[in-house]
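Dear colleague,

I am handing over the structure we discussed, and the notes that I made on it come after it. Please read them with the model open beside you.

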Amino acid sequence: MTYVSVKSPANQKKKTQVIYWFLAVFTALAFSALSNPVRAEIYLIKGVKVDAKSKTASEAKIKAMQQGQVAAFRKLINRLSSSPQAQTLLKLPAAEIGRLVRGISVTEEKTGPKRYIAELNISFQPAAVRSLMNQFSIPFSDKQADPVLILPVYIEDGRAILWDDPNPLKTAWGNIDTDAFLLPVVLPIGGIEDIQAISADEALEGNADSLAAIKERYKVSDVFVFVGEFNKAKTRLRVTLSQLSAGGEVQMDESFTGSPENVVEVAQKAAARYLSELERRWKEVETSEPEVTGERLLVTVPFSSFREWKGIRSRIMDTEGVLRMDIRALSQRGAVVFLTYAGETFDLEDRLSQQGLLMRDMGDGWVLTAEN
């Protein structure tokens with residue numbers, strides 16, 4: 001039997017309306033994405049390398065994708081939060097992490113009979129990740145900090161070097177993968193205007209007028225002077241860092257060891273370490289939380305599956321008087337949490353019971369289980 005499609009004027013009009021509706025929605029979504037590009041970038045992890053083997057190429061690819069999602073999720077969590085509590089999320093099953101993924105794009109790939117190698121860009125759903133962080137009472141920030149300017153001053157034979165070469169500190173900062181950080185770093189171009197704005201000696205001395213001039217030139221929130229000097233054998237690099245900031249002075253001083261053949265690698269290690277510390281300090285201010293007062297109990301919560309844990313966690317937070325739950329440890333079979341409660345402990349037991357939860361004092365600590 002042959003079917004013939006007949007397009008009536010009414011159908012054509014309806015089709016046209018659908019097309020216009022689709023274009024309107026697509027345009028709205030496009031403008032929405034453009035209006036908030038920073039947040040989308042924060043939840044995008046680029047350059048995730050995977051290499052997996054299995055019985056077949058297709059199985060190896062599936063395995064590699066799962067590995068990539070887990071690796072990207074770890075990088076995302078470390079990007080969003082410096083809190084020790086955030087480490088509990090890294091124990092989530094791969095299947096749960098997969099549900100948070102928005103999309104995966106492959107930039108490079110090689111496929112063999114039983115092997116899959118690729119480089120992936122993995123994006124996560126912002127709302128789902130934020131909800132997860134809130135459920136676990138983990139302080140975090142997905143707001144990108146204002147850019148900061150780094151002035152890498154290298155000391156060699158008593159001479160301060162900022163714009164000239166060789167400057168292993170400048171090379172090291174240029175090699176840093178800043179994709180892992182919420183703190184954008186700007187390096188000066190080193191043109192004639194930069195040279196006129198500030199010299200190496202002025203940066204080293206902390207000349208306020210010169211630092212203010214270079215800060216204004218690059219329109220950044222802060223200027224950091226990153227100073228490094230190797231010992232004579234070039235086996236140890238001492239690095240100091242100071243900051244021009246209205247919010248207060250930052251001072252750091254640390255040494256890093258290496259060999260004369262890898263001075264740039266040692267400097268890069270120092271740069272990454274300092275950038276991590278600067279971002280940690282920024283996050284502490286950005287994710288600061290109001291103090292919650294109340295009785296605090298350490299409670300062990302055994303469960304048989306992550307699905308059961310989500311149900312128990314939801315019932316705990318729905319319990320009247322429970323102000324906060326901080327997760328101290330999490331595994332596939334249980335969690336250890338701090339419950340902050342406004343009231344007496346016997347009241348908490350009664351109210352948890354109303355949620356179908358049984359909390360018992362086992363002598364050496366509290367244990368909470370689901371009654372059904």
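Below are the notes, going from the whole chain to single residues.

This is a predicted model, in which local features need pLDDT of at least 70 and side-chain atom pairs count only at pLDDT 80 or more, while totals for chains, interfaces and linings use all residues. Residues are numbered from 1 along each chain as its sequence is written, and side-chain values use heavy atoms, with hydrogens and water left out.

The chain has 12 helices and 14 strands (DSSP runs, H or I of at least four residues for helices and E of at least two for strands, numbered from the N terminus). Of its 372 residues, 38% are buried, where buried means under 20% relative accessible area, exposed over 50% and partly exposed in between, with a 1.4 Å probe and protein chains only. Among contacts with a separation of 6 or more, 64% join residues 24 or more positions apart, a contact being heavy atoms within 4.5 Å.

The loop between β5 (159-161) and α6 (168-175) holds Asn167 and also Pro166, whose peptide bond from Asp165 is cis, with omega near 0°. Asn167 is buried, at a relative accessible area of 2%, and a polar atom of its side chain lies 3.1 Å from the backbone oxygen of Pro152. Leaving aside neighbours within four places in sequence, Asn167 touches Pro152, Tyr154, Ile161 and Leu162.

In helix α9 (residues 208-218), the buried residues include Ser210, Leu211, Ile214 and Tyr218; they lie on the same side of α9, because they cover an arc of only 100° around the axis (taken from the directions from the helix axis to the C-beta atoms). The N-terminal end of α9 is capped by Asn207, with a side-chain oxygen 3.2 Å from the backbone nitrogen of Asp209. Just after α9 comes Lys219, with a positive phi of about 55°; Lys219 is exposed, at a relative accessible area of 59%. Lys234, in the loop between β7 and β8 (236-244), also has a positive phi, near 55°, but is partly exposed, at 27%.

As for rings, Trp173, Phe226, Phe256 and Tyr274 are linked into a cluster by ring pairs (centres within 6.5 Å, with the six-membered ring used for Trp; planes under 30 degrees apart are stacked, over 60 edge-to-face and the rest tilted). The charged end of Arg296 sits over the ring of Phe338, 3.9 Å from its centre (the criterion being NZ of Lys or CZ of Arg within 6 Å of the ring centre and within 35 degrees of the ring normal).

Note on methods: Polar contact = N/O pair within 3.5 Å; in protein donor to acceptor, adjacent residues only side chain to side chain.
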